[in-house]
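Visitor: Could you walk me through this model, starting with the ligand?

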Amino acid sequence: MPAREPQYGPEDGVELPIPEPPKPGERLTGDEPSAAARRSTDEPTAADTTDLRSPGAPESGTRSGFVALAGRPNVGKSTLVNAIVGRKVAIVSDKPQTTRRAIRGVCTGPDYQLVLVDLPGVQRPRDLLTERMQGRVETELRECDAALFVVNLEEGIGPGDRWIAEALRKANVPVIIVANKVDRLNKSKLITALNETNELGLDAEVFPISARYGDQVDALVDHVSALLPEGPFYFDTRDSSDQRLEVHLAELVREQVLRRTFQEVPHSVEVEVTDIERRDDELLIVSAAIWVETDSQQGILIGKGGDMVKRIGRAARKEIELEMDEHIHLDLTVRVRKNWRREDRLLDRLGIE
Ligand SMILES: Nc1nc2c(ncn2[C@@H]2O[C@H](COP(=O)(O)OP(=O)(O)OP(=O)(O)O)[C@@H](O)[C@H]2O)c(=O)[nH]1
Ligand SMILES: [Mg+2]
């Protein structure tokens with residue numbers, strides 16, 4: 001294990017100052033309508049192009065585009081998005097299938113804007129939840145301007161990677177292979193692992209990086225931004241994500257659950273922020289439900305004498321306070337909802353679509 005500190009790994013919180021804390025009900029930053037959402041439904045018109053130029057953007061000569069991150073679960077896609085954006089927009093864990101929604105992370109340079117689309121890990125669907133996650137991956141790959149295909153060099157190239165390579169070939173978008181976790185390999189293993197990426201048969205440049213420690217991440221950003229088409233900025237230059245505040249805060253709670261649970265439990269848990277309310281004494285109360293599928297999972301999450309839910313609550317509150325830049329009270333309840341992974345309406349409400 002290197003002695004260096006991870007940048008945005010699961011062990012750390014938000015490290016950069018947050019310019020303007022979002023208010024309840026707002027998106028994570030800024031409140032312009034999401035250009036990304038508009039783009040996925042409408043063909044832009046000349047008028048749209050003018051409207052979309054965001055405050056703070058240079059008058060002309062800018063590049064912008066949507067760059068999707070594809071890869072197997074757990075390869076480090078969300079860690080890379082956070083490293084590029086410079087703050088935690090997506091939660092990270094050592095459990096596969098952490099990411100459940102497409103999350104846009106915005107990285108704005110002097111004359112470019114990269115909209116990174118963090119995606120769930122590519123997998124075989126097992127239920128409505130994973131069907132929706134996989135459907136979202138396919139849609140986003142069809143609509144992006146370029147894709148970062150993240151592979152885990154430590155584990156090497158496997159059948160899952162070859163399947164994704166094939167899907168990317170079909171999507172016909174420019175691809176860059178991002179060979180992640182180089183910090184886990186010595187030089188000779190690194191060379192062998194990098195050679196394995198040839199097996200993918202993609203006409204793509206390979207970037208060895210460590211998302212966790214930030215190695216070569218700036219070089220990757222330079223390379224990707226040079227590939228973007230000319231175009232206006234889609235987001236306000238101060239934006240870092242298109243996520244709704246409620247969803248982001250729920251994810252910060254789920255991240256703490258993922259850290260403390262094992263086997264099937266992490267996959268059985270979803271979190272919904274049910275209320276954000278300011279009390280008369282000005283304290284902000286965030287109420288959240290932790291959904292689980294069985295009574296025994298509820299018992300695990302509550303813990304002996306409520307010990308587990310208290311620990312989750314304490315850790316999540318710290319993360320939320322960093323995000324909101326103020327003290328909050330976090331009210332957590334653990335509820336059983338047997339089939340939440342198969343419930344259309346609940347998944348819609350949770351924004352997993
Ligand atoms: N050593 C090392 N670990 C990393 C690196 N990048 C990510 N990780 C770790 O890999 C695990 C998975 O990271 P995530 O970013 O959640 O992976 P993901 O691809 O988004 O996973 P899903 O959302 O499940 O598809 C976490 O424990 C990270 O800390 C890296 O460069 N080096
Ligand atoms: Mg992820």
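Visitor: Which helix gives the most residues to the shell around ligand 1?
Guide: Helices here are DSSP runs of H or I with at least four residues, strands are E runs of at least two, and both are numbered from the N terminus. This is a predicted model, where local features need pLDDT of at least 70, side-chain atom pairs count only at pLDDT 80 or more, and totals for chains, interfaces and linings use all residues. Residues are numbered from 1 along each chain as its sequence is written, while chains are lettered from A and ligands numbered from 1 in the order in which they are written. With three residues in the shell, the top contributor is helix α3 (residues 77-85).

Visitor: Which residues come nearest to ligand 1?
Guide: A residue counts as near if its C-beta atom, placed from the backbone, lies within 6 Å. There are 26 residues around ligand 1, and the nearest are Gly-76, Ser-78, Thr-99, Gly-121 and Arg-212.

Visitor: What is the order of the strands in the open sheet of three?
Guide: Two strands pair if DSSP finds at least two bridges between them. The edge strands, β7 (270-278) and β9 (328-336), each pair on one side only. Pairing is mixed, and the order is β7-β8-β9.

Visitor: How many bridges join strand β8 to β9?
Guide: One bridge links Leu-284 to its partner Ile-328 in β9. Strand β8 (residues 284-292) and β9 run parallel, and the bridges between them number nine.
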